Amino acid sequence: MNATTTRRLTVAQALVEFLAHQYTERDGRRHRLINACWGIFGHGNVAGIGQALLESQEALPYLQGRNEQAMVHAAVGYARQCDRLSAQAVTTSIGPGATNLVTGAALATVNRLPVLLLPGDTFATRPADPVLQQLEVPYAGDVTVNDALRPVSRYFDRVTRPEALIPAALQAMRVLADPVDTGAVTLALPQDVQAEAYDWPEEFFADRVWRVTRPAPDPHSLADAVHAIRGARRPLLIAGGGVHHSEAEDALRAFADTTGIPVASTQAGKGSLRHDHPADIGGIGHTGTATADALAREADLIIGVGTRYTDFTTASATLFAAPGVRFLNLNIAPFDSHKLGATSFVADARAGLEALTMALSGHHVDAEYEAAYGAAKADWERRVDAAYGAEDESVRPSQTQVLGALDALVDDTDVIINAAGSLPGDLHKLWRARSRRQYHLEYGYSCMGYEIPAAIGVRLAAPDRPVWALVGDGTYLMNPTEIVTAVQEGIHINVVLIQNHGYASIGGLSEQTGAERFGTAYRFRAKDGTYTGAPLPVDLAANAASLGMHVIRAATVAELRAALAEARGANRPTCVYVETETADTVPGAPAAQAWWDVPVAETATRPAAVAAREAYDRHAAERRRHL
């Protein structure tokens, strides 16, 4: 019997070596599962993972970040651009370095996007207790701050012995590569264990391929789905993020061409069809188009493909209003396929759509229905043109005119990134997506500060594509630090920084709910608690320049067009700074086409809140359970 060949390495060295040999494979194409490791070093990882990365820079490249949450955002942006087939790791010190991961981990898990978190942890052997930054919990000696990552991780383990790394690392890779269970994966690494040596079996470091399969639909489920579609007079398909993750865009187009069924999209699914495809009717839900939402209210069958049905999509359970409306959900995750009392159709999105298209050969919606939604689509496009247009290009632009100027410049290769504020609503309604990965909206967690680091991740995944991070002033102030990373590494991203002197989105919501825009403006505050009309003397463009970005200021629509063109042609990180017009006389995006449930005070003394509650009660009465 041959003795097992071993290699003596520290735990951190073994983990880095292991990660360098992990691959995914789908449709015969192989990808590195962990492409690189982001890191900020401190006690807890500098002498462990840090030393191991130094020794293995060719096997696992290192990327330096400035903020731990931002590093997770960058890794998530990378994973999404790679269709979840390749991911990145993030390592931190113990204490605040580790807890700064929590928001990023929640974002990854909510959006079902893979990221490997490697926070340092306090000593497993407890030679001194407590150590610097250690959380002391009187009722449990084995709890550390890293336990805060448990509820926002799809898999969590604490490696307290060297030999425990082998099963923990394998489980971590399994989850990262699983299209149903993926999200944030956390391996908490006590600092003493990271540095401990162990004799590792060579098999642990062999190339390992995690095959990402395309589960085919069950024949009986397929028959049920075909029956439901053939029996529907006004079907509507909702494309979610699962269409992109599965690379099912061509299959969806073939389905729409065959059946004539209109296709609306969630924030994550926008771009599943090109904007100019006859069946594409734009975004759906609270931030959707009038065309999509009107069809949704009258549809007798909703076909959800790769969607989670968030409250923005369903207009807080008020959108699908037809008395006999039924649901058919094609989803790789059984958890999502059963939502809204649907006929469950569990399969990979591409495999399921291809099977449906073949089975529905010869079936097409009524010509009258197709003509009606086509006319509504054309009418909406005219409204988009009106919002984008600027009769006088010598004046300050509105936010929608900023989008119009960008829309006129980009081609199929550009990627636009956004996550929070008033921009997601305008983009979902107005943006004309030209390619499958052009529209990159993080709206599962809608995290302010996501855009700039995510743009870096996207550019790393797609170095030949122009990448635009669209940020408002509120979002910029949350997390501008990774500008320095882009400058240091020469990662050409474009930041469009829109200054409107406050939280525009929440300001509008505050007004609608009777809170009268309280606490949403960036203005000087008087002694009586009121805010004056003067904006704060804050120069965000100068701030971006001080961090190393090339900054172009645009004061008018004409200057904005020139600035955007210059940025797109630049070869360094560039910021286009524009102050937007907020006056009511300036054209903007059409108002919300559907409701969103934000509870309003049931009793109040101020008239605005009383009126808002009356409106809330009217809308809330329209909610329904789909069983």
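Trainee: Quick one to start. Is Arg8 buried or exposed?
Mentor: Exposed. Its relative accessible area is 55%, and the cut-off for exposed is over 50%. Keep in mind that this is a predicted model.

Trainee: Noted. Which side chain does Arg8 meet in a salt bridge?
Mentor: Asp199. The N to O distance is 3.1 Å.

Trainee: Where do Asp199 and Arg8 sit in the chain?
Mentor: In distant parts. Asp199 is in strand E10, residues 197–201, and Arg8 is in strand E1, residues 6–10. They are 191 residues apart.

Trainee: And how exposed is Asp199?
Mentor: Partly. Its relative accessible area is 39%.

Trainee: How many salt bridges does a search of the whole structure find?
Mentor: The count is 37. As background, side chains of opposite charge can pair when their charged atoms come close.

Trainee: Asp83 and Arg437: buried or exposed?
Mentor: Both are buried. Asp83 has 8% relative accessibility, and Arg437 has a relative accessible area of 3%. They count as buried because the cut-off is under 20%.

Trainee: What about Arg158? Which side chain meets it in a salt bridge?
Mentor: Asp147, at 2.8 Å from N to O. Arg158 is in strand E8, residues 155–158. Asp147 is in the loop between strand E7 (115–121) and E8. The separation is 11 residues. Arg158 and Asp147 are both buried.

Trainee: Which residues do salt bridges with shared partners join into one network?
Mentor: Glu381, Asp385, Asp407, Arg432 and Arg434.

Trainee: Switching to sheets. What is the strand order in the open sheet of three strands?
Mentor: E3-E2-E11, with mixed pairing. The edge strands are E3 (29–32) and E11 (208–211), each pairing on one side only. The twist averages 35° from one strand to the next.

Trainee: In what sense do E2 and E11 pair?
Mentor: Parallel, over four bridges. Strand E2 covers residues 22–26. Tyr23 stands opposite Val209 in E11.

Trainee: I clicked on Val263. Where does it lie?
Mentor: In strand E13, residues 263–265. Val263 is buried, at 2% relative accessibility.

Trainee: What does Val263 touch, leaving out residues up to four places away in sequence?
Mentor: Its contacts include Leu237, Leu252, Leu273 and Ile281. Ala239, Ala256, Ala279, Asp280 and Gly282 are also among them.

Trainee: How far apart are Val263 and Ala36?
Mentor: 37 Å in space, C-alpha to C-alpha. In sequence they are 227 residues apart.

Trainee: Zooming out. How many helices and strands does the chain have?
Mentor: There are 24 helices and 25 strands.

Trainee: What is the radius of gyration?
Mentor: 26 Å. A compact globule of 627 residues would be near 25 Å, so the chain agrees with that. The C-alpha atoms fill a box of roughly 75 × 70 × 55 Å along the principal axes.

Trainee: What share of the residues count as buried?
Mentor: 56% of the 627. The accessible surface comes to about 25100 Å², and 52% of that belongs to carbon and sulfur atoms.

Trainee: Last one. Among contacts between residues at least 6 apart in sequence, what share join residues at least 24 apart?
Mentor: 76%.

Technical notes. Residues numbered from 1 in each chain as written. Predicted model: local features only at pLDDT ≥ 70, side-chain atom pairs only at ≥ 80, totals over all residues. Heavy atoms only, no water. Pairing = 2+ DSSP bridges. Helix = DSSP H or I, 4+ residues; strand = E, 2+ residues; numbered from the N terminus. Axes fitted to C-alpha atoms, helices over the stretch in contact; angles between N-to-C directions. Salt bridge = Lys/Arg side-chain N within 4 Å of Asp/Glu carboxyl O. Buried < 20%, exposed > 50% of the residue type's maximum accessible area, 1.4 Å probe, protein only. Contact = heavy atoms within 4.5 Å. Rg over C-alpha atoms; globule rule 2.2 N^0.38 Å. Areas by Shrake-Rupley, 256 points an atom, 1.4 Å probe, with all protein chains shown as cover.
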